[in-house]
Amino acid sequence: MVNTMNAPGKINYVELPAKDIPATKAFFTQVFGWSFEDFGPEYTAFADQGVDGGFFKADLASSPKTGGALIVIYSQNLEATQAKIEEAGGVIVKPIFSFPGGRRFHFTEPSGNEFGVWSE
């Protein structure tokens with residue numbers, strides 16, 4: 001098997017700001033089952049989520065409205081995922097809508113970063 005994670009020209013890692021790293025970790029653990037490895041109090045990393053990455057302590061948040069990239073997560077059931085997000089304290093900022101290829105919605109997590117969730 002070829003390791004495409006470290007292939008030249010491929011996205012290898014993504015880093016996002018987080019105002020409240022513990023709340024962000026708890027949110028993604030509760031909603032999506034992610035696990036984290038802490039590297040001091042101002043950085044935490046995740047792996048095996050499609051692309052590896054981490055959250056760094058910052059007073060900023062990533063949003064397409066301010067020029068940030070939109071990271072989109074796949075779901076087999078949009079409505080169930082939306083309910084889990086709301087139960088965990090996420091805020092739906094763009095309700096479910098159709099687009100060529102499927103349906104999706106956008107949410108913010110406790111640190112204010114905006115993400116999308118899509119399904120066929």
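The legends below describe close-up views of a predicted model. In this predicted model, local features need pLDDT of at least 70 and side-chain atom pairs count only at pLDDT 80 or more, whereas totals for chains, interfaces and linings use all residues. Residues are numbered from 1 along each chain as its sequence is written, and side-chain values use heavy atoms, with hydrogens and water left out.

**View 1. The open sheet S1-S4-S3-S2 has 4 strands and mixed pairing.** Helices (H or I, at least four residues) and strands (E, at least two) are DSSP runs numbered from the N terminus, and two strands pair if DSSP finds at least two bridges between them. Strand S1 (13–18) and strand S2 (36–38) are the edge strands, each pairing on one side only. From one strand to the next the twist averages 25°; axes are lines fitted to C-alpha atoms, for helices over the stretch in contact, and angles run from 0 to 180 degrees between N-to-C directions. Strand S3 (residues 43–46) is antiparallel to strand S4 (residues 52–57), with 4 bridges between them. Tyr 43 has Phe 56 in S4 as its bridge partner. Helix H1 packs on this sheet and touches S1, S2, S3 and S4, its direction making about 150° with that of S4. Contact means heavy atoms within 4.5 Å.

**View 2. Helix H1 comprises residues 21–32.** The 12 residues of H1 should span 16 Å at 1.5 Å a residue, and the end C-alpha atoms are 16 Å apart, which agrees; the expected span is 1.5 Å times one less than the number of residues. Ile 21, Thr 24, Phe 27, Phe 28 and Val 31 are the buried residues of H1. They cover an arc of only 125° around the axis, so they lie on the same side of H1. The arc is that of the directions from the helix axis to the C-beta atoms, and buried means under 20% relative accessible area, exposed over 50%, partly exposed in between (1.4 Å probe, protein chains only). At the start of H1, a side-chain oxygen of Asp 20 comes to within 3.1 Å of the backbone nitrogen of Ala 23. Gly 33 follows H1 and has a positive phi, near 75°.

**View 3. The open sheet S5-S8-S7-S6 also shows mixed pairing among its 4 strands.** Its edge strands, each pairing on one side only, are strand S5 (71–74) and strand S6 (91–99). S5 pairs with strand S8 (residues 114–119) in the parallel sense over 4 bridges, and Ile 71 stands opposite Phe 115 in S8. Helix H2 (residues 78–87) packs on the sheet, touching S6, strand S7 (102–108) and S8, and its direction makes about 5° with that of S7. Of the 7 residues of S7, 5 are buried, so S7 is largely enclosed by the rest of the structure.

**View 4. Two hairpins involve strand S7: one with S6 and one with S8.** S6 and S7 are antiparallel over 6 bridges, and Ile 92 has Phe 107 in S7 as its bridge partner. Between S6 and S7 lie 2 residues, and Gly 101 in the turn has a positive phi of about 110°. S7 and S8 also run antiparallel, joined by 6 bridges, with Phe 105 opposite Val 117 in S8. Their hairpin has 5 residues between the strands, and Gly 112 takes a positive phi near 95°.

**View 5. Ser 119 lies in strand S8.** Ser 119 has a relative accessible area of 6% and is therefore buried. Its side chain reaches the backbone oxygen of Ser 75 at 2.9 Å. Residues touched by Ser 119, not counting those up to four places away in sequence, include Tyr 74, Leu 78, Gly 101 and Arg 103.

Conventions: Polar contact = N/O pair within 3.5 Å; in protein donor to acceptor, adjacent residues only side chain to side chain.
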